[in-house]
Amino acid sequence: MRRLFPVTDLTAAGTPREWSLDDLADAYAYPGTAGPWLRANMVSTLDGAAQHDGRSQPISCESDMRIFGTLRGLADVVIAGAETVRLEGYRPARARDAFAARRAAAGQGPAPAVAVVSGSLDLDFSLPLFVSPLVPTLVLTGAGAPPDRIAAAGKAGADVVIAGEGSRVDPARAVRELADRGFGRLLTEGGPRLLGQFVAAGVLDELCLTVAPLLTAGDAQRIAGGPAVTVPKRFALASLLEEDGFLFTRYRRS
Ligand SMILES: NC(=O)c1ccc[n+]([C@@H]2O[C@H](COP(=O)([O-])OP(=O)(O)OC[C@H]3O[C@@H](n4cnc5c(N)ncnc54)[C@H](OP(=O)(O)O)[C@@H]3O)[C@@H](O)[C@H]2O)c1
């Protein structure tokens, strides 16, 4: 057993050292494996709530948002479930100066693409996410999705990717389809219903989980929903940062 906190990683003045965005980007670099790497970034309260009043912002904090931005800055594509896109009002990912040189060196465009997973395609295709992103937004859906909605997505400028039969997206196929299009550094920001499917399909490589020092009670979703897996998936701790009582954990598939 090891004590991880209180820490010894302090400055000479006895204060926690500052982590620049560059430090964070180094710490959270993708592993450089040959195949795709699917990372999830989620936040949870101490009692397991993944949202409060329908949003994750009330359980997040400034340093969580810095890591959120860093993970986006490293990713080729950000995958989100349609409900998260609808409720959180997703906008196109920004090109940020802090990551420009790193992205150029890695052969990446200025910002990650956003990939929305939806069966119904009940999305507002007039939003900036679809009509004015830096990189075309992808819409992952099933072969049986409503043809008029597929057409509307395409007309708005989205790149529609069929990744399943019926109206459902097969999570493992979604990863393959994205990898085939050159998106190997994958980041999913949930929500819980989508993350649960990546977990169940055995395609989640890494979980960046922020544990917020908050209790909310109630019946909010956990970070991963849907049917339970038969055998719990084992992950190994890769790193642990702390600020203001928030724990920034990073676990990799064992
Ligand atoms: N704590 C966190 O880190 C965090 C992160 C993200 C979101 N959240 C919170 O989570 C809530 C939303 O999450 P959620 O779990 O309800 O929804 P979600 O996973 O974001 O989205 C669910 C929707 O995604 C589409 N979808 C998911 N799997 C699909 C599949 N296999 N095939 C086709 N479409 C699929 C469906 O869209 P259609 O209905 O369009 O078919 C489904 O209704 C919000 O309150 C948000 O604030 C928290």
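User: How many aromatic pairs does a search of the whole structure find?
Analyst: This is a predicted model, in which local features need pLDDT of at least 70, side-chain atom pairs count only at pLDDT 80 or more, and totals for chains, interfaces and linings use all residues. Residues are numbered from 1 along each chain as its sequence is written, and side-chain values use heavy atoms, without hydrogens and water. Rings of Phe, Tyr and Trp (its six-membered ring) pair if their centres lie within 6.5 Å; planes under 30 degrees apart count as stacked, over 60 as edge-to-face and the rest as tilted. By this criterion, the number of aromatic pairs found is one.

User: What is the geometry of the aromatic pair of F125 and F130?
Analyst: The ring centres of F125 and F130 are 4.9 Å apart, with 75° between the planes. The pair is therefore classed, with planes over 60 degrees apart, as edge-to-face.

User: Is D205 buried or exposed?
Analyst: Buried means under 20% relative accessible area, exposed over 50%, and partly exposed in between (1.4 Å probe, protein chains only). Because the relative accessible area of D205 is 11%, this residue is buried.

User: Which residue's side chain makes a polar contact with the side chain of D205?
Analyst: A polar contact is a pair of N or O atoms within 3.5 Å; within protein, one must be able to donate a hydrogen and the other to accept it, and residues adjacent in sequence count only if both atoms are side-chain atoms. The D205 side chain reaches the backbone nitrogen of L38 at 2.8 Å. Its side-chain partner, at 2.8 Å, is R253.
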